[in-house]
Amino acid sequence: MIKASLISIGAYAPENILTNFDLEKMVDTSDEWIRKRTGIQERRIAKDEFTSDLGYKAALQALERSNLDKSDIDAIICATITPDYFCMPSTACVIANKLGLKDITAFDISAACTGFIYLLDLAKSMIESGAKKNILIVGAEKTSTIMDWSDRSICILFGDGAGAAVISASNINPIIDVHTSSDGSKGDLLITPGCAIVNPANSHTIDNKLNFMKMSGNDVFKIAVNTLTKDVVDILEKNQISPDRVDLFIPHQANLRIIEAVKQRLNFSDSKCVVTVQKYGNTSSASIPMAMNEAYESGRLKNGSLMLLDAFGGGFTWGSALLHFGGE
């Protein structure tokens with residue numbers, strides 16, 4: 001049976017850094033308040049770059065490390081909630097064009113912060129069915145464009161960035177399992193109300209800031225902790241893998257308190273947990289591959305390492321994955 005493996009990782013973070021001290025000058029907040037509640041110290045903000053630019057730069061790095069020619073790629077899938085264009089073309093198509101790739105499958109998905117887990121699920125299925133051989137998956141976000149920078153409850157949390165990976169047909173270091181799920185009944189707790197069909201772009205939408213992200217923070221926090229804890233326990237039990245066999249726990253980087261809660265439930269040591277939220281904030285679909293890339297570049301993520309991933313995002317969506325790193 002054909003298996004799918006994650007054979008390379010790449011990431012890109014914009015140069016411009018927005019610190020908590022910078023935010024103190026913009027809204028009624030403080031470095032101490034932000035650190036205590038989120039663990040975030042700074043985040044990156046893309047100035048003269050679009051979401052596709054961020055994704056393209058991460059994709060280039062992942063492709064280079066894969067030792068494949070770009071002509072070997074037969075599909076690009078991009079997860080994003082901040083696409084270059086409202087409807088079309090897809091950000092994946094724009095990235096494909098920037099890579100000089102034509103006549104390949106390219107499309108976007110929208111699963112918010114769970115986007116990278118959904119990408120893994122899709123790529124695994126497409127490869128194991130025999131439909132594709134080498135798929136480039138990209139999580140790219142310019143969340144700064146959907147932030148109300150006068151709303152301290154949410155603007156402190158997010159940042160811009162991108163991560164990418166190549167998933168290939170291989171029986172070496174395979175993706176073991178991916179779980180994805182959702183609950184649309186709670187979608188209004190984390191939502192960008194405009195400017196789509198329900199609230200089209202007009203003066204009312206703009207005046208009422210419906211084009212910016214809205215979040216019921218306390219509700220989302222409680223549901224995320226409970227959901228993620230159950231999901232990671234379930235995927236480990238399903239595959240009969242004990243937590244001590246996991247080399248690296250790489251969670252979605254939304255809030256340090258959420259990460260710590262799930263980590264303690266599984267009794268993971270700090271050495272097993274990859275945390276980058278302090279440097280980048282919440283980069284939505286890009287956060288897991290960016291954290292994975294950080295672990296790779298620091299030497300923590302090695303060929304054959306067993307990773308446990310988890311994420312929770314708007315929709316609500318959530319998911320987890322167990323996979324080995326294929327390496328170079």
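Asp-177 lies in strand β8, which covers residues 175–182; helices (H or I, at least four residues) and strands (E, at least two) are DSSP runs, numbered from the N terminus. The model is predicted, so local features need pLDDT of at least 70 and side-chain atom pairs count only at pLDDT 80 or more, while totals for chains, interfaces and linings use all residues. Residues are numbered from 1 along each chain as its sequence is written, and side-chain values use heavy atoms, with hydrogens and water left out.

Asp-177 counts as buried because its relative accessibility is 9%; buried means under 20% relative accessible area, exposed over 50%, and partly exposed in between (1.4 Å probe, protein chains only). Its side chain makes a polar contact of 3.0 Å with the side chain of Asn-239. A polar contact is a pair of N or O atoms within 3.5 Å; within protein, one must be able to donate a hydrogen and the other to accept it, and residues adjacent in sequence count only if both atoms are side-chain atoms. Leaving aside residues up to four places away in sequence, Asp-177 touches several others, among them Lys-124, Ile-235 and Ser-320, where contact means heavy atoms within 4.5 Å.

Next comes a sheet. Five strands form an open sheet in the order β1-β7-β6-β4-β5, with mixed pairing; two strands pair if DSSP finds at least two bridges between them. β1 (4–12) and β5 (105–109) stand at the edges with a single partner strand each, so one side of each has no neighbour in the sheet. Within the sheet, β4 (residues 75–79) and β6 (residues 134–142) run parallel and are joined by five bridges. Cys-78 stands opposite Val-138 in β6.

The last topic is a set of annotated residues. In an unreviewed entry, UniProt lists Cys-113, His-252 and Asn-282 under "active site"; UniProt positions are given in the numbering used here, feature names are shortened, and annotations may be inferred rather than shown by experiment. These residues are spread over 170 residues of sequence, yet they cluster in space, with a largest C-alpha distance of 8.4 Å.

His-252 is found in the loop between β11 (248–251) and α9 (256–266), and Asn-282 lies in the loop between α10 (277–280) and α11 (287–297). With a relative accessible area of 6%, His-252 is buried; Asn-282 also counts as buried, at 5% relative accessibility. Their side chains are joined by a polar contact of 3.3 Å.
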